[in-house]
Amino acid sequence: MNWNRLGRGRKMPSSPAGPQHTETLGVGKAIAVLTSGGDAQGMNAAVRAVVRVGIYTGAKVFFVCEGYQGLVDGGDHIREATWESVSMMLQLGGTVIGSARCQDFRTREGRLRAARNLVKRGITNLCVIGGDGSLTGADTFRAEWGGLLAELLKTGGITAEEAQRSSHLNIVGMVGSIDNDFCGTDMTIGTDSALHRIMEIVDAITTTAQSHQRTFVLEVMGRHCGYLALITALACGADWVFIPESPPEDDWEEHLCRRLAETRDGGSRLNIIIVAEGAIDRHGKAITSDEIKALVVKRLGYDTRVTILGHVQRGGTPSAFDRILASRMGVEAVMALLEGTPETPACVVSLSGNQAVRLPLMECVQVTKDVTTAMNEGRFEDAVKLRGRSFQNNWNVYKLLAHIRPPATKSGYTVAVMNVGAPAAGMNAAVRATVRIGLIHGHRMLAVHDGFEGLAFGMVEEIGWNTVGSWTGLGGSKLGTKRTLPKKHFEEISANISKFGIHGLIIIGGFEAFTGGLELVEGRARFEELCIPLCIVPATVSNNVPGSDFSIGADTALNTITTTCDLIKQSAAGTKRRVFIIETMGGFCGYLATMAGLAAGADAAYIFEEPFSSRDLQANVDHLTEKMKTTVKRGLVLRNERCNENYTTDFIYNLYCEEGKGIFDCRKNVLGHMQQGGSPTPFDRNFGTKMGAKAVAWITGKIKECSRHGRIFANTADSACLLGMRKRSLVFQPIAELRQQTDFEHRIPKEQWWLKLRPILKILAKYNIELDTSETAHLEHLTRKVLVPDATL
């Protein structure tokens, strides 16, 4: 792997100004970074990325401590950052450079002082990490910049030369807020980590609630935004959720008590109700946790407890997702600042699907304000739409799963669900959604145990609503899963499809699910029983299934690796001059090694997709030798388990030991199967739930489409599809078409989006390589994005 070579990525025409050398883009420029408003986990990762990428481009980078207050006060609050000053920041929660609510900056006098402090240091680029209030303040500051400079010049605060040098101010925002209340971005920095904190508590409360047959009312943050409450409800299968964007109908008390009683009658020993702190009824009156508790006790007599989660949600270490998101946004923010001109509007760097995008800051702020206006005016449907497609999808899936019960009239169709391949956290959440949405459609649902082998040996049983009730938070695979492929069992499988009357098959699994699906399609020519609609849902820690940018289970594995790396780094920092070599899973796919490298701040990550030689290994050893001369005396190297058959983990460990003699010592860790276990993360629970729901909706339509005189005959390419996340949406792709996109020998897709993130990993580890900016985001507009409803489920 040549660490001094341009990271792979599709070259597109360079910007109008001609090719840019990113390593000299910032020469002669200065960037200041500040965090403002409420803190959020992942802010430190964003600060670290801005500092390191800024320094890499040749710019000077300054910390502004204590938010806008530091900008106003100046002095030691604004100080130059160094490469080492952001070391060990990645895994820390909160914001190391401090944040404060600032009244002074709201006054023109305060902004005059802030402008003078920036001009005196030659800073004309400001990166603000905060909520919509902080970003609006930054935009006001920029709009007034010319006037502030003129006034300072007039009063002798700055010289004419200084005013000339700082004639315009560039501003880029990154949204740091656990509420995910900013329109235009799918996820704000801190949201995923807050969900981690909430789910840890919900899982813990669930065990005690079951012991005592209690009802728990859990209040989560989100004053004007119900995102945290909604995702928590989806991820834990709550009985009810109160969110400000969509208040309950006027007779909600009756409805709520009926639901709780139904759940108990179905054999459940507990009820969970999630309340957003800003929950209201249709008339704008607050709905409080205590009010809900009093209602449940009075009407149902259930033992009920209230837990208000409070600031726990803001604390703790950031999740892998937040670290990677913040690092990517930090890189994008620096590029946006350095490419900015006086004509470029202030922009906010945001995430759409897995794409980094730049949006005009004030458009986003306006739509965010429009949501509040819509809620205040009682236009709740508009409020949900304005929150964006992702929020709408989540709300629709939640309503289906929680509010609608199976119909009395049946569809007459039977759908089977199975797991194939290795276990992955989130499989059970996908099975639960599949079963429940299937029952809502009126289907008879069958569970197949132990993959294709179970289908061949008749290990099939009907599965009901209550059976899957508590499955969302369970790791592994409750149905059981095997890697066996179907080809050698075609006759038995066909016989059982016929025997159990299966009309459609949903296969949740890894690469074997994909290859097994291809085999079933090939078998259709010989066995008519195989002519039924098939849907593959990718679920594997390796994230190596073609047709999808993400697989269920990969996020949980990534967090497990990242947490382990944090502990190992702490150990290495204590002993000094120590390098750890860590082997991750993934088969030939380097996704886990690369993403964990980004999330844990690794010095190198060896993967199969980027070939490396002994010269590259030597270059990495030399790089670590140089690092040991600085204040950061530790190293972290990740190696994907099958990156090279000769350069094994032992070989790399021995090489580093030998070459580093007298400079650093080495330790190695093979993480193994711990990466497949554990309780699924909120992302995997939610992703699994949405994928399951979407798969059933699709297969229901396909069964009807392929139905002739009471018989199902599906023989077209589009009757066997894989449901994948592609850039910004969930799409169904015929598996036969994905064959061309697959490297079957190494069980990976031929093109993988995350390879474009590898240069970022190297730059943040202080390697001098060219950053390919050909695919950096261009400024988009928000309005067309937000009000496009997704296909209904």
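Me: Buried means under 20% relative accessible area. So is Arg-358 buried or exposed?

Reply: Arg-358 is buried, because its relative accessible area is 9% and the cut-off is 20%. Keep in mind that this is a predicted model.

Me: OK. Which residue does Arg-358 pair with in a salt bridge?

Reply: Glu-332. The N to O distance is 2.8 Å.

Me: And where do Glu-332 and Arg-358 sit in the fold?

Reply: Glu-332 is in helix α10, which covers residues 320-339. Arg-358 is in strand β11, residues 355-360.

Me: Is Glu-332 buried or exposed?

Reply: Buried, with a relative accessible area of 7%.

Me: How many salt bridges are there?

Reply: The count is 39.

Me: Give me another. What does Lys-629 pair with?

Reply: Glu-626. Their closest N and O atoms are 2.9 Å apart. Lys-629 is exposed, at 61% relative accessible area. Glu-626 is partly exposed, at 47%.

Me: What about Glu-291, what is its partner?

Reply: Lys-285. The closest N and O atoms there are 3.8 Å apart. Glu-291 is partly exposed, with a relative accessible area of 31%. Lys-285 counts as partly exposed too, at 49%.

Me: Switching topic. How many positive and negative side chains does the protein chain have?

Reply: There are 89 positive and 84 negative side chains. The centres of the two sets lie 1 Å apart.

Me: Now the whole chain. How many helices and strands?

Reply: 25 helices and 27 strands.

Me: What are its spans along the principal axes?

Reply: The C-alpha trace covers about 90 × 70 × 50 Å.

Me: What radius of gyration would a compact globule have, and what does the chain have?

Reply: For 793 residues, a compact globule would have a radius of gyration near 28 Å. The protein chain has 27 Å, which agrees.

Me: What share of the residues is buried?

Reply: 62% of the 793 residues count as buried.

Me: Last one. Among contacts with a separation of 6 or more, what share links residues 24 or more positions apart?

Reply: 80% of them.

Notes
Residues are numbered from 1 along each chain as its sequence is written. Side-chain values use heavy atoms; hydrogens and water are left out. A salt bridge is a side-chain nitrogen of Lys or Arg within 4 Å of a carboxyl oxygen of Asp or Glu. Buried means under 20% relative accessible area, exposed over 50%, partly exposed in between (1.4 Å probe, protein chains only). Helices (H or I, at least four residues) and strands (E, at least two) are DSSP runs, numbered from the N terminus. The radius of gyration is taken over C-alpha atoms; the globule rule is 2.2 Å times the number of residues to the power 0.38. Contact means heavy atoms within 4.5 Å. Lys and Arg count as positive and Asp and Glu as negative; His and the chain ends are not counted. The place of a charge is taken as NZ of Lys, CZ of Arg, CG of Asp or CD of Glu.
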